[in-house]
Amino acid sequence: MNRVHAGSFLTLHYRLGADQGPAFVDTFGAQPATLSLGTGELAPAVEARLIGLAEGSEESFALPAGEAFGERHPDLVQRVQRAALDAAGDRDDDYRVGDVVRFPTPDGQASFAGIVQAVEEQSIVFDFNHPLAGRPVRFDVKLIGVLD
């Protein structure tokens, strides 16, 4: 029976969310996820819970606040002027609280996301913290397949 190790390629169902509240990601009842450990698809603290599990395992893990996605940082809540958004080519006047907006990195090779916290006449307040930062996290997993 195959066991998970660093670099394993996995097929699994997983649910990841705050200890209280709805799941942030939930593949149960849908297509299973496929991923390779160590490529950044899961947070390192979440990946660590998978190491050593046998193919076919079903487990639940509780991660303490801040372990999975770090602590919340107030300085990652930022006000962006609408003029700056317009200049960047984003003329979406219909921002709503809770929307996830993607921003390109300066080199254009990747992106990062901010969640709209407030919509003001001249600016939008974005939270660039991970939605689960600073919160206890529950991780449920059903390991379907493990390839070395």
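Strand E7 (residues 111-119) and strand E8 (residues 123-127) run antiparallel to each other and share 4 bridges. Strands here are DSSP E runs of at least two residues, helices are H or I runs of at least four, and both are numbered from the N terminus. Two strands are called paired if DSSP finds at least two bridges between them. One of the contacts to look up is at isoleucine 115, whose bridge partner in E8 is aspartate 127. In general, the strands of a sheet pair through backbone hydrogen bonds, in either a parallel or an antiparallel way.

Before going on, a word on the model: it is predicted, so local features need pLDDT of at least 70, side-chain atom pairs count only at pLDDT 80 or more, and totals for chains, interfaces and linings use all residues. Residues are numbered from 1 along each chain as its sequence is written, and side-chain values use heavy atoms, with hydrogens and water left out.

Now zoom out from that pair. E7 and E8 belong to an open sheet of 4 strands, in the order E5-E8-E7-E6, with antiparallel pairing. At the edges sit strand E5 (77-81) and strand E6 (100-104), each of which pairs on one side only. From one strand to the next the twist averages 45°, where axes are lines fitted to C-alpha atoms (for helices, over the stretch in contact) and angles run from 0 to 180 degrees between N-to-C directions.

What ties the loop between E7 and E8 to strand E5? Look for a salt bridge between the side chains of arginine 79 and glutamate 120, at 2.8 Å from N to O. Arginine 79 is in strand E5 and glutamate 120 is in the loop between E7 and E8, 41 residues apart. The term salt bridge means a side-chain nitrogen of Lys or Arg within 4 Å of a carboxyl oxygen of Asp or Glu. Glutamate 120 counts as partly exposed because its relative accessibility is 29%; the scale calls a residue buried under 20% relative accessible area, exposed over 50% and partly exposed in between, using a 1.4 Å probe and protein chains only.

The whole structure has 7 salt bridges, and some of them join up: Arg15, Asp26, Arg138 and Asp140 are linked in a network. Start with aspartate 26 and arginine 15, whose closest N and O atoms are 3.2 Å apart. Aspartate 26 sits in strand E2 (residues 23-26) and arginine 15 in strand E1, 11 residues apart. Arginine 15 also forms a salt bridge with aspartate 140, with the closest N and O atoms 3.1 Å apart. Aspartate 140 lies in strand E9 (residues 137-147) and arginine 15 in strand E1, so this pair ties together parts that are 125 residues apart in sequence.

Next, the aromatics. Tyr95, Phe103, Phe112, Phe126 and Phe128 form one cluster, and the count of aromatic pairs comes to 8. Rings of Phe, Tyr and Trp (its six-membered ring) pair if their centres lie within 6.5 Å, with planes under 30 degrees apart called stacked, over 60 edge-to-face and the rest tilted.

Serine 8 is in the segment before strand E1 (9-18) and counts as buried because its relative accessibility is 0%. A polar atom of its side chain lies 2.9 Å from the backbone nitrogen of histidine 5. Leaving aside residues up to four places away in sequence, serine 8 touches Arg3, Leu35, Ser36, Leu37, Val146, Leu147 and Asp148, where contact means heavy atoms within 4.5 Å. Alanine 68, in the loop between strand E4 (58-63) and E5, is buried because its relative accessibility is 9%.

Finally, the chain as a whole. Its secondary structure comes to 2 helices and 9 strands, running β-β-β-α-β-β-α-β-β-β-β from the N terminus. Buried residues make up 35% of the 148 residues. The C-alpha trace spans about 60 × 30 × 25 Å along its principal axes.

Methods
Polar contact = N/O pair within 3.5 Å; in protein donor to acceptor, adjacent residues only side chain to side chain.
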